[in-house]
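Welcome, and thanks for taking a look at this one with us.

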Amino acid sequence: MRTSGFQHLFRALAQLPLSADEIACLRDWLATLEAPGRCLALIEQAKGRCACPHCGNARCHRSGHANGLQRYRCIACHHSFNALTGTPLARLRHRDKWLAYFQCLIDSRTVRAAAERVAVAKSTSFRWRHRFVAAVRCEEPPTLKGIVEADETYVLESQKGSRHLDRPARKRGGRATCRGISQHECVLVARDRGKTTHAFHAGQGEPDAERLLRYLKPVLACDALLVSYGAAAYPAFAKLARISHRAINVRAGEHARGAIHVNGVNGWHSRFKTWLRVFCGVASRYLANYAGWQMVLDAASLTIPEHWLRAAVAPRQQERP
């Protein structure tokens, strides 16, 4: 575009009373002009030279380019790979729209709203949501130290999107057919006073000591003090894990005893359930992704799309259970 034409367009835009949504759309459009090269550069920078994802050998050499990314070939197994091989982002297309979609995740947009914003199909938007969130939530938060609060919250079991139900269909927002929490999915949350949080989808019903040992033991420091309500599974877990434990006697009307309380976890539960209502019901099989998504948003450590992209492709340890 010639300079005079650009100046004319700029003056015309400056005179228009643009709404907030129109300004956001204009910002996204401008971002797409530089997004392809910037996205590829960020991927290469975040991943760096890594070991072969097929055999783990660190010796590899450059082997041309494909779709804008450097390819490598392993000297040991002779497989070729690029910076996205072995990550949840592998084989996804439209990389020029990834940064704009990461912004949709930051804004907690629904599948349809995100699809409209970045101009992709709803099926693509749904696939990207869970691939991107799964990639980011693989990054392990630090070990929980000091006073650690643990409690669970429950979400009604949902088979939303399933083609084969193992029960009669119910309307969205329905109720369980029996009392109690046997038909509810358990979201187990542990949080220390430094606001480091771990959230797990711990299956249906109330967790027992074995499930607590599976999820909590790997993330607790050996000298941590575990604080919980008076559920019988927590003292049994603390004994098996050989950590200190204090319980709040809710039945006696006790909610706090000095520094012994679970207010931090209860606050996280409240924010999670309020945020979850935006999506009008989520399938139980994706509940771990939504809990991980909320963990990232609540921690406020990844605040811009570039941060999310770096976290998604950076080398990391094996995903937690």
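Predicted model: local features only at pLDDT ≥ 70, side-chain atom pairs only at ≥ 80, totals over all residues.

The chain has ten helices and eight strands, and 42% of its 321 residues count as buried.

**The chain as a whole**

- Among contacts between residues at least 6 apart in sequence, 61% join residues at least 24 apart.
- The chain exposes about 18,100 Å², and carbon and sulfur atoms supply 53% of that area.

**Nonpolar cores**

- In soluble globular proteins, nonpolar side chains tend to be buried together.
- Here the largest nonpolar core has 50 residues, and the ones with the most contacts inside it are Leu89, Trp98, Phe132, Trp308 and Leu309.
- Several elements supply at least two residues each to this core, including α2 (20-47), α5 (122-137), β5 (184-192) and α10 (305-313).
- The largest share of the core, eight residues, comes from α3.
- Another core, of 24 residues, lies apart from that one, and Val148, Cys186, Ala221 and Ala238 are among its members.

**A close look at Ala312**

- Ala312 sits in helix α10 and counts as buried, at 0% relative accessibility.
- Which residues does Ala312 touch, not counting those up to four places away in sequence? They are Thr87, Leu89, Phe102, Ala135 and Val136.
- For Ala135, the C-alpha atom is separated from that of Ala312 by 4.7 Å, although the two residues are 177 residues apart along the chain.

**Aromatic rings**

- A search of the whole structure finds 17 aromatic pairs.
- One of them joins Phe200 and Tyr215, a tilted pair with 5.3 Å centre to centre and 40° between the planes.
- This pair links distant parts of the chain, as Phe200 is in strand β6 (residues 197-204) and Tyr215 is in helix α6 (residues 209-216), 15 residues apart.
- Phe200 has a relative accessible area of 3%, so it is buried, the cut-off being under 20%.
- Tyr215 is buried by the same cut-off, because its relative accessible area is 7%.
- Trp275 and Trp293 form an edge-to-face pair, because their ring centres are 5.1 Å apart and their planes stand at 85°, over the 60 degrees required.
- Trp275 lies in helix α8 and Trp293 in helix α9, so this pair ties together parts that are 18 residues apart in sequence.
- Both Trp275 and Trp293 are buried.
- Trp98, Tyr101, Phe102, Trp128, Phe132 and Trp308 form one aromatic cluster.

**Strands and their pairing**

- An open sheet of three strands runs in the order β1-β2-β3, with antiparallel pairing.
- Which strands are at the edges of this sheet? They are β1 (60-66) and β3 (80-81), each of which pairs on one side only.
- Five bridges join β1 to the antiparallel strand β2 (residues 69-74), and His65 has Gln70 of β2 as its bridge partner.
- Elsewhere, β5 and β6 pair in the antiparallel sense over six bridges, and Val189 has Ala199 of β6 as its bridge partner.

**Positive phi angles**

- Most residues other than glycine have a negative phi, and most peptide bonds are trans.
- The hairpin of β5 and β6 has four residues between the strands, and Lys195 in this hairpin takes a positive phi near 70°.
- Arg242 is a residue other than glycine with a positive phi, near 60°; its place is in the loop between α7 (233-241) and β8 (244-248).
- Is Arg242 buried or exposed? Its relative accessible area is 76%, over the 50% cut-off, so Arg242 is exposed.
- Cys280 also has a positive phi, near 55°, and is found in the loop between α8 and α9.
- With a relative accessible area of 41%, Cys280 is partly exposed, because that value falls between the 20% and 50% cut-offs.

Technical notes
Residues numbered from 1 in each chain as written. Heavy atoms only, no water. Core = buried A, V, L, I, M, F, W, Y, C linked by side-chain atoms within 4.5 Å. Buried < 20%, exposed > 50% of the residue type's maximum accessible area, 1.4 Å probe, protein only. Phe/Tyr/Trp six-rings, centres within 6.5 Å; stacked < 30°, edge-to-face > 60°. Contact = heavy atoms within 4.5 Å. Pairing = 2+ DSSP bridges. Areas by Shrake-Rupley, 256 points an atom, 1.4 Å probe, with all protein chains shown as cover.
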